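Subject: Structure handover

Hello,

Here is the structure we talked about handing over. Please load it before reading on.

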Amino acid sequence: MSKIIGTLGPKSRAVETIEGMLKAGMTVARIDFSYGTPEYHQETMEFLKQAVRNTRTLCGVMMDTLGPELQIINKSETPIAIDVDAFVTLTPDQSKEASSKYLPINFPNLANVVKPKDTIFVGQYLFTGSESTSIWLEVNEVKGNEIVCRAKNAATLAGPLFTALASSVRIDLPTLSENDKKVIASWGKANRIDFLSLSYCRHAEDVKQARALLTSLELTNTQIFAKIENAEGLKHFDDILKEADGIILSRGNLGIDLPSEKVFLFQKAALYKCNMLGKPAVITRVVDTMTENPRPTRAEATDVANAVLDGSDAILLGAETYRGNFPIQSIGTAEIVYNQRFYFKKVLEYVGEPMGHLESIASAAKLIAKYRPLMPVMVVVIPQISTNFMRFSFSGTFTARQCLIVRGLFPILADPQVSTSNAANELVLKMAIEHGKMAGCIKANDRVVVCQKIGDSSVVRIVDMAA
């Protein structure tokens, strides 16, 4: 019932691997523009399209922006070994080679906003505490525009690019960089992305600006998922939630900006707020150890189960599938138990009585999913063919793919030539029920609740399956 977002990268972009991920349960593919070129990601998209055709499954596409991310380029790509207590200088001088002594960073103003004892993390996917590929630096002194740090752990930085994060320090960079706008306007528009993951979202205004950009590009169907990654975004969470279509809780980065014991409290509060408003909530960093191991730890498995119990719609896998050795196994994450009776009562108390017309009829699939029913909700989408006399286009496919991020929704694309007559409605219903039987969701003697829009009316029917 819960959905899984998989990040496609060097270890997971082959057609055969993507097919395995789709069969294992991946419903949305994430393309991370923190790394790689548009050409590289376009090649990945073509591999994804081929895998979708081969497996005959729907898969949404999420584009993840770079945002105000601090980066260090390792031009030589030579692994950099740093010992504990060693001194490392962060410098804005991009002409210097990255080494165990100097790390050139892309934000010249960093020396003006940090002070001694501040913490800066550097690594491929930032510091988790369970790997030796990220370094924990403590600011020792600031010399002009350079920052001298002491390493608090030993690590080897590998690869061409490292991410840096200064704990509890505001980075004065725009949420949507000029490069972000450029790739959204080109790559994002060309691929008609279903979701935009807005990295380092800090204010509701960030979402409004992203929405305005998408509108100007005629990407009005693309949903915006605000990625909450630091204390500033957390502070303005309620306002951001009102503007965004969904929320991603980036627990890795939040764990740097917040004390670890506060991350789970924020997770519970944030998921509750998303659930009550019926907006999808996604959590990240769940099975970090699966980048190197075929099985998660018991603690990680418990963490996933608790996230589902708390109300998470989807799990987002980053390093686990992007650069991990077991991308298909990592996708095989599933919920175990869900207390639907308790959850339904909680939502009912929030909505209040009397319910509004839409709440009572629940004719929109996402409103049904909001109440977290125990059974799957099959969503039949009939694409509409339209033309501007120059070319034909389909509408409705966005709706189907965007169901793939909401817990419990399973979309079905109907024949676009189906009319809206009563006979056609019955034909679509019959097709949906047959599909449900084939998928094992509908069995003999079951009762199927059907919510339909017929003309201007919202209708609820109960169909009894024959023995």
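What follows is a summary of what was found in the chain, going from the overall picture to single residues.

Please keep in mind that this is a predicted model. The chain has 467 residues, and 51% of them count as buried. Its secondary structure comes to 17 helices and 23 strands. Of the contacts between residues at least 6 apart in sequence, 70% join residues at least 24 apart.

The barrel

Eight strands close into a barrel, in the order β1-β2-β3-β13-β14-β15-β16-β17, and the pairing is parallel. On average, neighbouring strands of this sheet are turned by 25° against each other, direction ignored.

Two of the pairings can be given in detail. Strand β1 (residues 3–7) joins β2 in the parallel sense over 4 bridges, and T7 has R30 in β2 as its bridge partner. Further along, strand β15 (residues 246–249) and strand β16 (residues 281–284) are also parallel, with 3 bridges between them; here I247 stands opposite A281 in β16.

How many residues of strand β2 are buried? The count is 7 of the 7 residues (26–32), so the strand is largely enclosed by the rest of the structure.

Helix α4 (residues 178–190) lies across β2, β3 (60–64) and β13, and runs at about 165° to β3. Helix α9 (residues 260–277) lies across β14 (223–228), β15 and β16, at about 170° to β15.

The open sheet

A separate entry is an open sheet of 7 strands with mixed pairing, ordered β4-β12-β8-β9-β10-β6-β7. Its edge strands are β4 (70–73) and β7 (102–104), each of which pairs on one side only. Neighbouring strands in this sheet are turned by 35° against each other on average, direction ignored.

Within the sheet, β8 (residues 119–123) and β9 (residues 134–143) run antiparallel and are joined by 5 bridges. I120 has L137 in β9 as its bridge partner.

Is Y102 buried or partly exposed? With a relative accessible area of 30%, Y102 is partly exposed. Leaving aside neighbours within four places in sequence, Y102 is in contact with T89, T91, K96, E97 and E146. The C-alpha atoms of Y102 and F87 are 9.1 Å apart, for a separation of 15 residues in sequence.

The pair α1 and α2

The axes of helix α1 (residues 15–24) and helix α2 (residues 38–55) come within 9 Å and cross at roughly 55°. The two helices are therefore oblique to each other, and the crossing of α1 past α2 is right-handed.

Which residues make the contact? From α1 they are V15, I18, E19, L22 and K23. On the α2 side they are F47, L48, Q50, A51, V52, N54 and T55. Sorted by class, this contact has 7 nonpolar, 3 polar and 2 charged residues.

Positive phi values

Two residues other than glycine have a positive phi and may be worth a look in the viewer. D85 has a phi near 75° and lies in the loop between β5 (80–82) and β6 (87–91). Y200 has a phi near 55° and is found in the loop between β13 (195–198) and α5 (204–216).

What is the burial state of each? D85 is partly exposed, with a relative accessible area of 45%. Y200, at 7% relative accessibility, counts as buried.

Towards the end of the chain

V463 has its place in strand β23 (residues 457–464). The relative accessible area of V463 is 18%, and with the cut-off for buried at under 20%, V463 is buried. Not counting residues up to four places away in sequence, V463 touches L429, I433, D446, R447, V448 and V450. V463 and N445 are 18 residues apart in sequence and 10.0 Å apart in space, C-alpha to C-alpha.

Regards

Terms used: Residues are numbered from 1 along each chain as its sequence is written. This is a predicted model: local features need pLDDT of at least 70, side-chain atom pairs count only at pLDDT 80 or more; totals for chains, interfaces and linings use all residues. Side-chain values use heavy atoms; hydrogens and water are left out. Axes are lines fitted to C-alpha atoms, for helices over the stretch in contact, and angles run from 0 to 180 degrees between N-to-C directions. Angles under 35 degrees count as roughly parallel, over 145 as roughly antiparallel, 65 to 115 as roughly perpendicular and the rest as oblique. A crossing is left-handed if the near helix is turned anticlockwise from the far one by less than a right angle, and right-handed if clockwise. Contact means heavy atoms within 4.5 Å. Ala, Val, Leu, Ile, Met, Phe, Trp, Tyr, Cys and Pro count as nonpolar, Asp, Glu, Lys and Arg as charged, and the others, Gly among them, as polar. Two strands pair if DSSP finds at least two bridges between them. Buried means under 20% relative accessible area, exposed over 50%, partly exposed in between (1.4 Å probe, protein chains only).
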